[in-house]
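This report concerns the structure displayed below. Please keep the sequence and the model in view while reading.

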Amino acid sequence: MKKVRFLLVFILFLGCKTNPFTGKSTLNMYQNSDMFPTAFAQYDAFLKSNTVITGTADAQRITEVGQRIAKAAELWLSANGYPQYLRDYRWEYTLVEDKTINAWCMPGGKIVFYSGILPVCQDETGIAVVMGHEVAHALADHGAQRMTAQNLQQAGLVAGNVALEKDSDRALFNAAYGVGSSVGVMLPFSRSHESEADKIGLKIMAIAGYDPAEAPELWKRMKANAKGGTPEILSTHPSNDRRISDLTQWVPEARAEAQKFGITTFQ
């Protein structure tokens, strides 16, 4: 029990890191040196087992948009007192053949777009909406935060089982803890990351010269392509309607941020 308590205190005491985009302190017990090598290796393994699209206009567009978004992020970070924040990042932008409507970014800047998302993006600005969101996940260390939260969740489970003496009590605790910690903590935590990435990504794409007003339009198309859906309370992502509403409200703020960098017109 003492070891579990020590682990919790250690994580809470040493595992805090400031999010430069929000100014908030976040739980993160992992350094870039812990996360990036593993992420890069997983990315390489993924590419070897999937069909990478190269030499096409779409593949070139993914790279060009990614470079503009990464440059915008670097400009913002340097202007706000974080000039070395991206020194360990190794940006790479890849298009793979897959009909799934999806894209993702690993810690350290390895980004994959599936070809299935391109019709929903429609054009370069639509790609920038998705790219900004995915880059934001990497910039905000969401992967490391999720791993930290999972460690805390596991530590709580161990602590409860150690504290309880009867097997019947442990069984009841494990059942309640599994549902409670997932629905009450882990899923809302994941949804908050998605909303945070939406907001950060909106600002970055605007600084890169892309019209942030296209973000809610993209999510309207996402909603139209959705087949069924999980209730938001049981989902890792906010509902499409919530994202459309939030993004619409954040557009003026994103444009105002872009104006600080001399960007007053958008494509």
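Predicted model: local features only at pLDDT ≥ 70, side-chain atom pairs only at ≥ 80, totals over all residues.

Four strands form an open sheet in the order 3-4-6-5, and their pairing is mixed. Strand 3 (52-53) and strand 5 (103-106) are the edge strands, each pairing on one side only. Between strand 3 and strand 4 (residues 92-96) the pairing is antiparallel and extends over two bridges. Within strand 4, Leu95 is the bridge partner of Ile53.

Helix 2 (residues 32-48) packs on this sheet and touches strand 3, strand 4, strand 5 and strand 6 (110-114). The direction of helix 2 makes about 30° with that of strand 6. Helix 3 (residues 57-79) also packs on the sheet, where it touches strand 3, strand 4 and strand 6. The direction of helix 3 makes about 150° with that of strand 4.

## The cavity

How many cavities of 30 Å³ or more does a search of the whole structure find? The search finds one, and the volume of the largest cavity is about 50 Å³. Its lining consists of Val129, Gly132, His133, Ala197, Asp198, Gly201, Leu202, Met205, Ala215, Trp219 and Leu247. Helix 5 (124-139), helix 7 and helix 8 are the elements that each give two or more residues to this lining.

Helix 7 gives the most to the lining of the largest cavity, with five residues. By class, seven of the lining residues are nonpolar, three are polar and one is charged.

## The second largest pocket

The second largest pocket has a computed volume of about 200 Å³. The residues that line this pocket are Phe21, Thr22, Trp76, Ser192, Ser195, Glu196, Lys199, Ile200, Lys203, Trp250 and Glu257. Two or more of these residues come from each of helix 7 (167-207) and helix 9 (240-259).

Which helix gives the most to the lining of the second largest pocket? Helix 7 does, with six residues. The lining comprises four nonpolar, three polar and four charged residues.

## Ala224 in helix 8

Ala224 belongs to helix 8 (residues 214-225). Is Ala224 buried or exposed? The relative accessible area of Ala224 is 66%, and Ala224 is therefore classed as exposed, the cut-off being over 50%.

Ala224 and Asn240 lie 16 residues apart along the chain, and their C-alpha atoms are separated by 9.6 Å.

Key. Residues numbered from 1 in each chain as written. Heavy atoms only, no water. 1 Å grid on protein atoms, 1.4 Å probe; cavity = no way out; pocket = protein on both sides within 12 Å on 5 of 7 lines; lining within 4 Å. Points joined across faces, edges and corners; volume = space filled by probe spheres on them. Nonpolar A, V, L, I, M, F, W, Y, C, P; charged D, E, K, R; others polar. Buried < 20%, exposed > 50% of the residue type's maximum accessible area, 1.4 Å probe, protein only. Pairing = 2+ DSSP bridges. Contact = heavy atoms within 4.5 Å. Axes fitted to C-alpha atoms, helices over the stretch in contact; angles between N-to-C directions.
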